[in-house]
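Student: Could you take me closely through one part of this model, namely how its helices pack against each other and what lies around them? I'd like one connected explanation, please.

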Amino acid sequence: MQRVPSAQEVTLLLRAWGDGSKEALDRLAPLVYRELHQIAGRLMARERPNHTLQTTALVNEAYVRLVDARQVSWQDRAHFFAICARAMRQILVDHARSRGSVKRGGGETAIELEEGLAAAASPEASLLALDEALQRLEALDPRKSQVVEMRYFGGLSVEETAEALKVSAETVRRDWKLAQAWLHRELSGKKPDE
Amino acid sequence: MNERWQEIERIYHQALELDGSARAEFLAKTCDGDPGLRAEVESLLAHEDQAGSFLETPPVEMAAKAFGKAERSPAASTAALELGTMIAHYRVTASLGAGGMGEVYRARDTKLQRDVALKILPQALAHDAEPMARFEREAQVLASLNHPNIAAIYGLEESNGIRALAMELVEGATLGERIALAEGHPPPARSGEFTSPHGGVKPPLQLGELLSIARQIAEALEYAHERGVIHRDLKPANVKITPEGTVKVLDFGLAKVLSGMGVSPLRGQDAHATDQNSPTLSMTGTEPGMILGTAAYMSPEQARGQRVDRRCDIWAFGCVLYEMLSARKAFDGETISDVLAAVITKEPDWNALPTTAPLSIQKLIRRCLVKDAKQRLRDIGEARITIEETLTGDAGERSALPREGEALPDLPAGPLSQGEGGPGERDRVRAPLRRALPWLAAALLVLLVARLFWMFRPSSSAQVTGMVQLTDDGRVKFPALLSDGSRVYFGEAPWDKAQVSVNGGEVAPVTSVPLPQGLLLDISPDGSQFLATQATKLADRGPLWSAPVLAGSPRRLGGLMVNITTQSLAWSTQAAAWSPDMQRIAFARGNELYTARPDGTGAKKIMTLPGVGFAVHWSPGGMLLELTVQDTKTNTDSLWQVRADGTNLHPLLPGWNGASEECCGVWTPDGKYVVFQATRDGLTSLWALPQKTGLFSRASRQPTQLTTGPMNTLSPVISRDGKKIFTLGIQPRGKLVRYDARSKSFVPYLGGESIYCADFSKDGQWVTFLSYPRGDLMRSKIDGSQKLQLAYPPLQSYLPRWSPDGKQIAFSGLKTGEAWKVYIVAADGGEPERLLPQDTAEEIDPSWSTDGKRLVFSKNPFTELAPERERELEIVDLKTRQVTKVPGSEGLFSARWSPDGRYLAAMTRDSTRLMLYDFSSRLWQDLVKMGIGYPNWSRDSKYLYFNDFKNTAFYRVRISDRKLEQIASFMGITSVREGFDAWTGLAPDDAPTVMIDTSIAEIYALDWTAP
């Protein structure tokens, strides 16, 4: 059984990461992943079906559990949420993938979407498609991919995203706009040259 | 990122700004000769329109559906049993429903011919050998529990692959159902509903019945705890009451047993202790609402997923008791997150407890619901004793509001009981008693303090063994305390420096430091010199002086400046200290730590601190520096150590005290301990932290508490021989007074209550105020009736202001770890709401516009080192929440809207100028140039009232001709002078009001032993 990270430990790691320690991030990410997974699993499985789950609520709970809020500045908080966003994406994709593979008898092949996102066969499929599109976007423009990750998977506000990425809010807004258009195009399967 | 993509991006954003033909034209021009580029941009633009909101559905919800499906897969569910099914020798006769721990059936024991309850275990785990073996072992322990108030476990049975726990079948309603019977009734409150047989409202539970139930629950827990069994999931739904009134606690220890088996289908290899400790949270088959139900009774340590012990049951017991009394949950919320956050950060609504509930029981609940497990009631047996005493003794008759002659409560007047007395309570005490009371109280206090000190005796760690009061002059004293071995030096209000012998006696002035507003910082190791500073206009800095202890004159040390704060009683400044060899002085200025030669030359910055540095002390060997760092962003104070060369800076007690509020660590002469003060729940006490002394010694690094309430103990200083700790003991209390122009004196106002920050509704009938020293935000009629608390910890409130229509109150609020924010709360109660939930900057000091549609507020000038230009006054439109900056208001704060709406008044950051803004001319003008505090408009908008910076007098200035007059002197009264509590205000008739200090503050010597 793994030790529960103390709030202090997470807080210190968070600060260290804020100060530029890559190692801190490597240590933080699995902690956050595990915690979020746990919370997400619990909430998803048991909340009333009509209860709308908000990513932010989830991330906030992880935050309450993992971080000593009194010890961190709100910049650290943005960093934490950024990690949550990454972890959230991973959790959902892992989950969608396992669900998808169950349906396909274990096949791990990527799902190609021809009809586009709106007509996606299942939530799992659309999530996987989005994830793959995001990977392509990352190859093209890493920051835009991060913006989408934080805004969509992490529920970060424009300002929080800006803080975590250390860019202006205006830049985030522009990135978000273009990235959405780009992703939408990717997912609707229409390229200009096709 | 390739260049083409950058080009696409640039053109895309430019094109977005344009419409229709302009856009087409722009694209044609820009992408001339590159149709591929144009096609790319155009396709993105096309998708921009469609993309709209496609990423708006939260992905979690999407996945929730998927997870939900997994949940209903057959492997994890329990098969519904058909009636008549035999499991071993039990025949299932009826379904009792699905509880938090799986499905439950009524069954007939065909051997013993009795009815039992059968709990069916989820099949998934019934096939898993290893956890099953553990389950059996633990079930045996549970089955060994034999107590009339615990539902017995008969055994574990298996047949046809189904495993079930056979348990005592308890008929009757659960406590949850019993409490719910009262639903539809208003929560029992205020008047004597428990004791009055004629009361119109039927309470959910009669007091006697309630206490009887509580006693039986406590007995059950006590019995189990003695056998090392923790319930872990105590809640009203797990307590049954038989028709005969016998209580049976259900599901003892099952939470742990079941969760240890991995009942949650989502648990994988990565499961960690959270599940172990969050009982029902990890169970399958829970019905909707079940999680919420359990989370509400989880202790903070459970909620955090930390290791738990029996104190989590004590917490839950407190929650249950609270709920029985108030018919509402102690911690509640819409979502699990809300509930958990409440458990971790919020206090229950203490006002929901009926005032007629016995004081002893109210205290008991508070002791059970202390968030820090270490400070919580230690033994459920104590709860049982308290309940029994209340049931049998006359304590049961006593209510929280002392009646005539009952001014002294039966328990120590700790922080719990402060502020409980109603308005004017003291005045109702009969005259002879009233005269005797202060003496009685003082005597009792000393006795109590002594008793509490001695009671606290953890074995084999540092402990206080005795206490002597050194001073008795009744004057308000303040830190820092210094000692040269024969004398103790300290401050006395307002700005005096005083001394007393280490053996006690007369207080004498220190005459050798004739610095106006001087503060002593340190005394040299040879006892010959002080380090001192002065409070100045700069507020947070002061010049560094050295001064001889006996005779001579002070000497300015170069141009050195050191940090000063007068923010709270808990603070001593002490931002400079002599090294043991007297060769150096270490001092803190802002976020920087320096050393210099004793004459002030050779100042050298040794490092940058993570906050503002105070309370600098050298280790006996001169290798290390101990200091307190104030984080101005989170408003926390914590202890740090650093080598004297500026390396190895580290916090001493990371994460130890929730909202870190430690200060003033001093080394013992042998270097074995650092003694410091820590503030928890408003009470400051002394602690000792073992230090690593040698290569092989292993310090436990866990501090030991040396003093407990009811008195605050602060600013420790250790005697030269290490055997005594000198401390300032403070029992804060104030009295609200107003200036009576006829008698030219200050007279008690609003019953002379210990309150401040009083603000009145426009009709003069209502007042909102803060209690002192707790700082609870309250409102009441001016006669003290209809008192209502409007905000609860951890939200601290300051300077509440009535809206012109009397319906709302705006105030500055501070939550631990956050910046100051403006909040608005309905005058009739409710949750205080942030004015600008999105704003991250500090907001303080709201003031209403005449029509009540706007609020002006400012930035806190003393914290957060923001540039001057960002410290502007801002006006919020309450309807649109649109914020506009007041032109030319850079660096101003404490804005006050004139009642006629024509002006704003505000102060400069250094509080030396009062400025006036005319809304018609949009210009600022100087109104007064002097040290200003707490400006307030007269009702007719013709005057501004304020006190001077030094709190010596009240002034007013006439707007029409700037005429300044002193209207009342503070001579002869001692106002509370520390930080925010040094407030002054105006009564509805424009009479100045102030809270005078009636605190007891004396110097004590503690004898202590430390291994």
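Tutor: Start where α8(B) passes α16(B) in a left-handed crossing; left-handed says that the near helix is turned anticlockwise from the far one by less than a right angle, while clockwise would be right-handed. This is a predicted model, where local features need pLDDT of at least 70 and side-chain atom pairs pLDDT 80 or more, while totals for chains, interfaces and linings use all residues. Residues are numbered from 1 along each chain as its sequence is written, chains are lettered from A and ligands numbered from 1 in written order, and side-chain values use heavy atoms, leaving out hydrogens and water.

Helix α16 covers residues 380–392 of chain B, and its axis lies 8 Å from that of α8(B), at an angle of about 155°. Axes here are lines fitted to C-alpha atoms over the stretch in contact, and angles run from 0 to 180 degrees between N-to-C directions. The two helices are therefore roughly antiparallel, a label for angles over 145 degrees, with under 35 roughly parallel, 65 to 115 roughly perpendicular and the rest oblique. Among the residues that meet are B:Leu211, B:Arg215 and B:Glu222 in α8(B), and B:Arg384, B:Ile387 and B:Glu388 in α16(B); contact is heavy atoms within 4.5 Å. By class, this contact has seven nonpolar, five polar and five charged residues. Ala, Val, Leu, Ile, Met, Phe, Trp, Tyr, Cys and Pro count as nonpolar, Asp, Glu, Lys and Arg as charged, and the others, Gly among them, as polar.

Now turn to the core. The largest nonpolar core has 67 residues, of which B:Ile217, B:Phe317 and B:Met324 touch the most other members. Helix α8 (residues 207–226) of chain B gives the most to this core, eleven residues. Such a core joins buried Ala, Val, Leu, Ile, Met, Phe, Trp, Tyr and Cys through side-chain atoms within 4.5 Å, with buried being under 20% relative accessible area, exposed over 50% and partly exposed in between (1.4 Å probe, protein chains only). B:Ile217 touches residues including B:Leu175, B:Val249 and B:Phe317, leaving aside those up to four places away in sequence.

B:Phe317 takes us to another helix pair, as this residue of α13(B) is one of those meeting α15(B). Helix α13 (residues 311–326) and helix α15 (residues 359–368), both of chain B, pack at about 140° with axes 8 Å apart, which makes α13(B) oblique to α15(B). α13(B) also passes α15(B) in a left-handed crossing.

Note on methods:
Helix = DSSP H or I, 4+ residues; strand = E, 2+ residues; numbered from the N terminus.
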